[in-house]
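Hello,

Here is the structure I promised to pass on to you. Have a look at it first, and then read my notes below.

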Amino acid sequence: MVMEATDLAGVEKFLSRQQLLFIGGRWCESTSGETFPVLNPATGKVIAQVAKGGSADIDLAVKAARKAFCSDEWQKKITPADRGKLLWKWADLLEANFIELAHLETINNGMPIAIAQMALAESIKFVRYYSGMTAKIHGKAQHSKSGSNGGNALAYTIREPVGVVGQIIPWNGPILMAIWKMAPALAAGCSLVLKPDEKTPLTALWLGALAMEAGFPKGVINIVSGLGEEAGAALAAHSDIDKIAFTGSPEIGREIVKASAGNFKRVSLELGGKSPNIIFSDANLEIAIPTAVQSIFANQGQVCTAGSRLYVEANIFDRVVDTVVMITKGLKVGNGLNPDNHLGPLISNKQLSRVHQYVESGLQEGSKLITGGKQIGETGYFYEPTIFINCNSQMKIVQEEIFGPVLTIMPFESFDEVVQKSNNTTYGLAAGIWTNNIKKAHTLASYLQAGTVWINSYNVFDPTCPFGGFKQSGWGRECGQEGLDLYMETKTVMCTL
Ligand code: ADP
């Protein structure tokens, strides 16, 4: 259910001023004085001018983050429990600004308001989860008897924050992605420089203001908006960044890895997917089918875990396809602020062209378009929910991440066949299995090369459950204890007895 906006004066005020960089606890213009425009993808109109941070600004932000990281205040005065309180307060402020933040997310990203509100609610849960972990970070003690000197030793490990962290996030879930990166880094005791995507920097900047209000020391959180090839590249290459966390495309992921080599900074990557969603004939189709539709078209398919390859057991294929198409034709596409709309616009004109090129390639390669395949209207970047059948594993639309509302549906005859087809991409982020046969479900889950496997559900996220990719979907796991581990080093201390 959508919570209605009663007062959006805060959003209007926010948009009426030029957006600045948040460095060392101060709001400042970029060193160059340059700005860039940010659009509402539902209208194509400029809604804000934002400071364009470049390498000089990244350098200032990294210096501020290093100073804060090394300060007595962050290292000593603020105890782990205090860090937890700061995070909890931040979550309270996110809650207090709930309606306005979700509204801003929708007008900047285009996503339906119900999704913006749900993602914000999940983000708040996520901050509270990590707030509860700050005082539970500790190593292990052991009596070491296998040492190379043959002696007895008391050995123990200490978990330390990795240091100053750079975080580069995409545009498809601006608040959620910012929180997924920032909350565990702060919980671990790091300081950070966040670079939001240039298409969607607005809510991240608001999060920075709320973090300041929550009382995080100056310089612990820095937010530098700017272009990927400028601010992003400078952050990834900076020699005083200890760890870089990135979510985005595989192409840029490769650039991040190369840039990290200069000082061997730690790297974690989340690079998208081409996830199989598998329906067996013994599944509860009343839930499986609408969820399959939701799993690809939610957020216009601009979700890294989108269930973009639907595999259906051959004996129910026609029936499932008919129902999927019927539900899809009932989906309303339009401005995300109207709660009746199920899909909003794509993020940009560039993304719209990219999606359409994939649709054309699907047609050229011989698959059959059964619904959608066109832009809607001329204002904003709306695209019809699109479905292909008669596809095979070699086609681009089956292999490559489209990041748009395009579903391919393919039949399978046997268990082994669906295992082989599901694993036949370079990605390995997520998968869905629909069956009432427990043994089949768990056996298949064990064979799928995916970081997350949902059984009889899809796109369920939990702050306590690790999330990340096999194969070229990434390095490392966010969420849960593993999400915290990304931001820590382990030190072993041995004392010979
Ligand atoms: P998309 O193609 O979906 O926009 P990208 O991978 O290009 O996704 O962008 C994800 C994030 O990476 C954004 O914050 C973007 O600014 C940033 N980025 C883009 N190019 C670079 C780069 N060369 N180095 C570092 N970050 C970059």
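**Charges over rings**

The charged end of lysine 243 is placed over the ring of tyrosine 487, at 5.2 Å from its centre. By the rule used, a charge sits over a ring if NZ of Lys or CZ of Arg is within 6 Å of the ring centre and within 35 degrees of the ring normal. Arginine 128 likewise lies over a ring face, that of tryptophan 88, 4.3 Å from the ring centre.

Before you go further: this is a predicted model, in which local features need pLDDT of at least 70, side-chain atom pairs count only at pLDDT 80 or more, and totals for chains, interfaces and linings use all residues. Residues are numbered from 1 along each chain as its sequence is written, and side-chain values use heavy atoms, with hydrogens and water left out.

**Aromatic pairs**

Rings of Phe, Tyr and Trp (its six-membered ring) pair if their centres lie within 6.5 Å; planes under 30 degrees apart count as stacked, over 60 as edge-to-face and the rest as tilted. The count by this rule is 15 aromatic pairs. One of them joins phenylalanine 280 and phenylalanine 412 edge-to-face, with 5.2 Å centre to centre and 80 degrees between the planes. These two residues are 132 residues apart, phenylalanine 280 being in the loop between strand 12 (276-279) and helix 11 (285-297) and phenylalanine 412 in strand 18 (residues 406-412). Helices (H or I, at least four residues) and strands (E, at least two) are DSSP runs, numbered from the N terminus.

Tryptophan 454 and tyrosine 458 make a tilted pair, because their ring centres are 4.8 Å apart and their planes stand at 50 degrees. Tryptophan 454 is buried at 6% relative accessible area, and tyrosine 458 is buried at 7%. Ring pairs also link both into a cluster whose members include Phe126, Trp180 and Phe467.

**Sheet and cysteines**

Three strands form an open sheet in the order 5-6-22, with antiparallel pairing; two strands pair if DSSP finds at least two bridges between them. Strand 5 (141-144) and strand 22 (488-496) are at the edges, each with a single partner strand, so one side of each has no neighbour in the sheet. Nine bridges join strand 6 (residues 153-161) to strand 22, and glutamate 160 stands opposite glutamate 489 in strand 22.

There are zero disulfides (cysteine sulfur pairs within 2.5 Å). For cysteine 479, the nearest cysteine sulfur belongs to cysteine 465, 8.2 Å away.

Best wishes

Technical notes
Buried < 20%, exposed > 50% of the residue type's maximum accessible area, 1.4 Å probe, protein only.
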